[in-house]
Each structure stands twice: as C-alpha cells, then as structure tokens.
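Student: I would like to request a close look at a single part of the structure shown here.

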Amino acid sequence: MEERQRDILKKLYEKGRVSVAELAQTLYVSEMTVRRDLAEMEKGGYLRRYRGGAVLKQSDGEMPVSERYFMNREEKQALAQQASAFLSDGITVFLDSSSTCGYLLPYLARYKNVTLVTNSVKTLLAAAENHIPTILIGGEYYEQDMCLVGSLAEESVRALNVDLAFFTTAAYDGESGVVSDFDLRQTAIRKLILKSAAKSIFLFESYKLGKRMLYTLCEKKDAFAVLTTKGEGERNVL
C-alpha cells in the first residue's frame, strides 16, 4: 500500500469514521485523490465507503496484521522498550499474535537460552530470522492475524507453562480495569495463557485506552503489569 493509504487507515483506526474532506485537508491532496484511494482500499477489504467518507470495516474486526504492524510504530517501539525491562536469560516467553508484541523480538534476541512460545505464524517467521528457539501452538489458521486458534490450539496451550506472557488487546478501560477484545477465538487463547503464565504483561497504545469491547479477557488485577505510552499504565506486583 502507498504511504498515503496507510495514513488513511491510521485515521480510520483512531476514529472509526472519516470524511473525504477531512482526509483531503489532512493529507494535502485533492478530494478526487482521496476518493480513488478509498475505492482501492474498499476493494482490498479494509473499509466501507459511504457518501462523503469511509468507515472501518467493523464486521471483520481490525485490518490485517501485515498492515497493522506499520501503524503507530513509534508507540509500539516505545512499548516494546518498556516491556524489554522484564526480559532476562533462560526464560520462556509467550508473545500473542498482535502487531505490537512483534516489536519485542529484537529485544528477545539479545538474551541467551530463551524459548519463545506463540500462536502467530508471522512471529515465528520473524523469530527464525533472529535465531530464537520457538514453539508454535497448533490449531486452525486465522488468515487476518496470521495465527492459529480454535480447539486444537486451546488444547495445546493447556499443556504449557511460561515465565512471561506479553499481550495486546483492542481495549483497556483504566477506570474499571477491564481488558477486552472483539475476537472471541483470540480471547480464548489469551485466557488460557494468562492462567499458565507466571507473569502477564499488557501493552496498550493510546487509542485503545478508555474503551471496552464485547469480550472481557481479564481485569487489571490479573496482570503483573499494564504498560501504556500515556502514563496510565500500572504495575501490579503479585
């Protein structure tokens, strides 16, 4: 995708709905150019157009992880740097299939005798490039997030114990302490890992704060640490 189209997706991801006029003004292009971009992106399944604007394609959840990886890179890098403080030699680490947790891999590669556990095919491929020993959880392939889910994946997770588990979900409501997501299958995998992990650490970009989605994963008290880039995270020593 063109950089301008990535910028459009970022706006949609932050606001859910944007107008053609707003995009043209923000991106310094004509409304005709914006409409052409929106038409191409609708064909790609990233959004739905309406008269005068576009809305994020909510029925299919978020955009594909291959595109989502490049959104809010500075925040994701800052979160990964914060989270890297928990790493050490000789540990077993779970990374979920989120694009944010993928930014932890370069830090993980710096340590010795580390074993990575993940249900993400994308993370597995990146770990192989960094020569990180990895256990891939089996299951049904979910193309949008390039990960494995379903009953087989859940059965595999039940047999595992990890030292650290890193997660990102779609929403964190700091006031109620609820961590939630819109994807039931991903939530099921994360719930099982949460039970088997000695310490669980959540990473949230700023646009996910103050929101609640349909499926509750856990509450703040169930996590060892909740990290954000806006100073709203907390560390709970269990």
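Student: Which residue lies over the face of Tyr142, and at what distance from the ring centre?

Tutor: The model is predicted, so local features require pLDDT of at least 70 and side-chain atom pairs pLDDT 80 or more, whereas totals for chains, interfaces and linings use all residues. Residues are numbered from 1 along each chain as its sequence is written, and side-chain values use heavy atoms, without hydrogens or water.

Arg185 lies over the face of Tyr142, 4.6 Å from the ring centre; such a placement requires CZ of Arg or NZ of Lys within 6 Å of the ring centre and within 35 degrees of the ring normal. Lys199 lies over the face of Phe224, at 4.7 Å from the ring centre.

Rings also pair with one another: centres of Phe, Tyr or Trp rings (for Trp, the six-membered ring) must lie within 6.5 Å, with planes under 30 degrees apart called stacked, over 60 edge-to-face and the rest tilted. Phe94 and Phe167 form a tilted pair, because their centres are 5.9 Å apart and their planes stand at 45°. Phe94 belongs to strand E4 (residues 92-95) and Phe167 to strand E9 (residues 162-167), so this pair ties together parts 73 residues apart in sequence; strands are DSSP runs of E, at least two residues, numbered from the N terminus.

Phe167 also stacks with Phe202, at 5.0 Å centre to centre and 25° between the planes. That pair links strand E9 with strand E12 (residues 197-204), 35 residues apart. Phe167 is buried (under 20% relative accessible area), because its relative accessibility is 0%. Phe202 is likewise buried at 0%, and Phe94 is buried. Ring pairs join Phe94, Phe167, Tyr172, Phe202 and Phe204 into a cluster.

Definitions and conventions. Helix = DSSP H or I, 4+ residues; strand = E, 2+ residues; numbered from the N terminus. Buried < 20%, exposed > 50% of the residue type's maximum accessible area, 1.4 Å probe, protein only.
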